[in-house]
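Please read it alongside the sequence and the coordinates.

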Amino acid sequence: MLEIDGLTARYGRAQILNGVSLTLGRNEVVALLGRNGAGKSTTMKSVMGLVRQTGGSIRHDGWEIRGRASHVICRAGIGYVPEDRRIFGELTVDENLEVGRRPAREGAPHWKTDHLFQLFPNLAERRRNLGKQLSGGEQQMLTIARTLMGNPSLVLLDEPSEGIAPVIVEQMANVISELKREGLSVLISEQNLHFAREVSDRAYIIEKGTMRYEGGFAELDANPDISTKYLAV
Amino acid sequence: MGFYLAQLLTGLANASSLFLIASGLSIIFGVTRIVNFAHGSFYMLGAYLAYTLVTTLNGGILGYWFSVLVAALIVGGIGLLVELTILRRIYRAPELFQLVATFGVVLIVQDATLAIWGAEDLLGPRAPGLDRAVRLMGEPIPEYDLALIAIGPAVLAAIWLLFHRTRWGILVRAATQDREMVGALGVNQAWLFSAAFVLGSALAGLGGALQIPREAVSLQMDLSIIGEAFVVVVIGGMGSVTGAFVAAVLISVLNAFAILIFPQISIVLPFVVMAVVLIVRPYGLFGRPGSEHGGAEEPEQPLRLLDQKSTMVLLALVAVLGFSPAVVSDFTTILLVDVMVATLFAVSLHFMMGIGGMVSFGHAAYFGVGAYAAAMAVKLLGWGMLPAMALGPIAAALAAIFFGWFCVRLSGVYLAMLTMAAAQILWGVTFQWQDVTGGDDGILGVWPAKWAASDRVFFYVAFILCLGGIWVLRRVAHSPFGYTLRGIRDSRIRAEAIGVDTRFHQWMGFTLAGTLAGMAGAVFVFSKGSVFPDALSIGHSIDGLIMVLLGGIHALGGPVYGAMAMVLIEDWVSRLDYWRFIFGGIILTVVLLAPDGIAGGVRRLGQLVRRDAA
Ligand SMILES: Nc1ncnc2c1ncn2[C@@H]1O[C@H](COP(=O)(O)OP(=O)(O)OP(=O)(O)O)[C@@H](O)[C@H]1O
Ligand SMILES: [Mg+2]
């Protein structure tokens, strides 16, 4: 589904990723763990074509997407949910969804607004409100719903649990399970180990732009020194 | 009472045409983030095209309105051409490149228009069916003005519907906030940008076409409207069409009444209003701070210190320059003075932009203040050359302290716009204040003192002052103050976090750059013997930007090459017909093919030579 191999990327003169490798199978939910500044968001942005990558390869269903424009990557079936949400504050909820709407794609579920409003009931009541009038949790739901409007087969979720109320975090976990039931693959970047364990099948740990760990959660729990070394603050 | 009503209606009619132009400019900026100087050129082309269509079709009411619409559509097509061939390649380039590139388009369009329609002003026909005046409360009101008053809001409503009721409009509004995110959601930004550019250009064309019954169609239409259009866009908030409408009405109505009290005010009023609005609301009436995303600029390269070898080369060049009057002709000596003045001006602007991170569209103001202060010291106060020359930079410093205090409160495009407003205000003052500045006739007969009257001696006066000024700026650039300025340029937040008073540093940087521009102006006035208001004009500020860009922004040596190239190109090319066309072509070539300027080109050449030698 997604194979990242030896990816390097930089901002200006600062090298941020030093050869990141990661694979994600069909209908798999994988967590990308790491401390602040470890390079989780940069990895996702690289997949999306939003930072300049200097080397390595990123393949989606065997097709090389590194170096392509982000709209092309999106149209290939990769949905991106950024960490700071980036909803369009001056647009209504409906209009935000409209921006994300793409034609149906073969091999991926086709999302309609009705279905999304079932998944995110809070949004249904706020369809005519401006994005900036929503609460943090509602904005987080809107940004996921907006991405789903593009009918992706793979979703990159950047820290979905960050800065939202515990109730909503629970709701978020349900949404991710629903995505998996619908047949999507999901890559989640997280600092919240508890949340990540609840929703994902396995995990990667990134630190200073390099992968340090790959494996299941059981293994990770059995070796507490790994999480102390790369995750604890 | 009737008189005031008539005045109000005139103001509203003017507001409508101003709105048409400004709305297009605002849409283009909102989506593409390009400050499009060529927008005035599209307006001018709209007027010329409509003139030709109306006079050849000569088809009554229907023919008139048909011509106006077709002219707007053709201009939209021209806009598409410009977008596809030029702007599309530079969306990721720094603002300066985009600005100078669109100015290259201005020059090319000017000469193309001259070639097609000739230099004579063209008097358009009146609009059939609307060629009379109606009496309202006893005052005659042109019917055409009433039509315009209706057209403005109608266009606003149409744009509103387009932006809120169509998918395309929703995408445009989304892109105005965060275009990178729109791309990540699968929208091809390139086509969104093209379409926005076509719409914006067509609106400018419409504004120009509708103007033909009201004013003569002339080659000055482009630059005469662009300043005011920018003002309206900035006051309204860049990217906001509603804001542009409100601002156009505000400016035009204020103007209609202000000229009753103070007839000279119309030149500076818009800029004064803009300065006031920006100080109170830094993003304009309806504007919002842009998203941090999507400004996908190429990261700045750090400035390099010259290595020892290059320093030797530089010193050798200075020595050659110092001895040159002994061998070259008088004519060349004078040309070399021009080069030195231009270089100091360019280096001071480079200091402000490259080191201080403040893009200025109005740096010529300080050059002009320096020149005028020196000239007035001679003419009004009877001072000698040296004290008058000293007064130049002092006056420029005072002006820079005053305007800089306001400007450093803003950043990015808004700062640039405020510098332009400051320059326009000063230009308006010199232009209008006939008794003191001589107005349009300038100040003549400002010649060097007797001992410096020969071209050679004056060369050395200029040599010492200009090279001294450049040396000072270089030293400061590499002093702790210079490093702090660069730190602020790269990350204001980080600089503030470590306790730097960023505004104060930028204010002082602004003042220093202005002071040395004033010094260049003081030398300039004695070398030419005269000064005119165009020393402070937007055109001259853009000359400065072109020099910095031609030379390359990333190297301290850049402005030196740029100024040399500029003076030499102007000297050669301006003797030719259609020199603007050639000059515009040169600018576009540099922007598109050698974005690191002459300095970058020279360095790459050096690397090639070295590699071959190795
Ligand atoms: N636009 C940028 N310019 C320069 N450096 C950046 C930029 N964005 C991120 N960085 C740097 O890149 C590194 C990795 O950042 P990244 O955002 O990928 O981390 P992260 O793992 O997502 O962290 P967080 O948990 O805080 O979101 C950090 O050191 C950060 O300072
Ligand atoms: Mg992150």
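Which residues does A:His60 touch, not counting residues up to four places away in sequence? They are A:Met1, A:Ile65, A:Ala76, A:Gly77, A:Ile78, A:Ser153 and A:Leu154, where contact means heavy atoms within 4.5 Å. A:His60 sits in strand β4 (residues 53-60) of chain A; helices (H or I, at least four residues) and strands (E, at least two) are DSSP runs, numbered from the N terminus.

The model is predicted: local features need pLDDT of at least 70 and side-chain atom pairs count only at pLDDT 80 or more, while totals for chains, interfaces and linings use all residues. Residues are numbered from 1 along each chain as its sequence is written, chains are lettered from A and ligands numbered from 1 in the order in which they are written, and side-chain values use heavy atoms, with hydrogens and water left out.

The table gives relative accessible areas; buried means under 20%, exposed over 50%, and partly exposed in between (1.4 Å probe, protein chains only).

| Residue | Relative accessible area | Class |
|---|---|---|
| A:His60 | 3% | buried |
| A:Ser41 | 13% | buried |
| A:Glu83 | 25% | partly exposed |
| A:Asn27 | 30% | partly exposed |
| B:Asn58 | 65% | exposed |

Two of these residues have a positive phi without being glycine. For A:Asn27, in the loop between β2 (14-24) and β3 (29-33) of chain A, phi is near 60°. For B:Asn58, in the loop between α2 (39-57) and α3 (60-85) of chain B, phi is about 50°.

Chain B contains 24 helices and 4 strands. Its radius of gyration is 25 Å, close to the 25 Å that the globule rule gives for 614 residues, so chain B is as compact as a globular protein of that length. The radius is taken over C-alpha atoms, and the rule is 2.2 Å times the number of residues to the power 0.38. Of the 614 residues of chain B, 55% are buried. The C-alpha atoms fill a box of roughly 70 × 60 × 50 Å along the principal axes.
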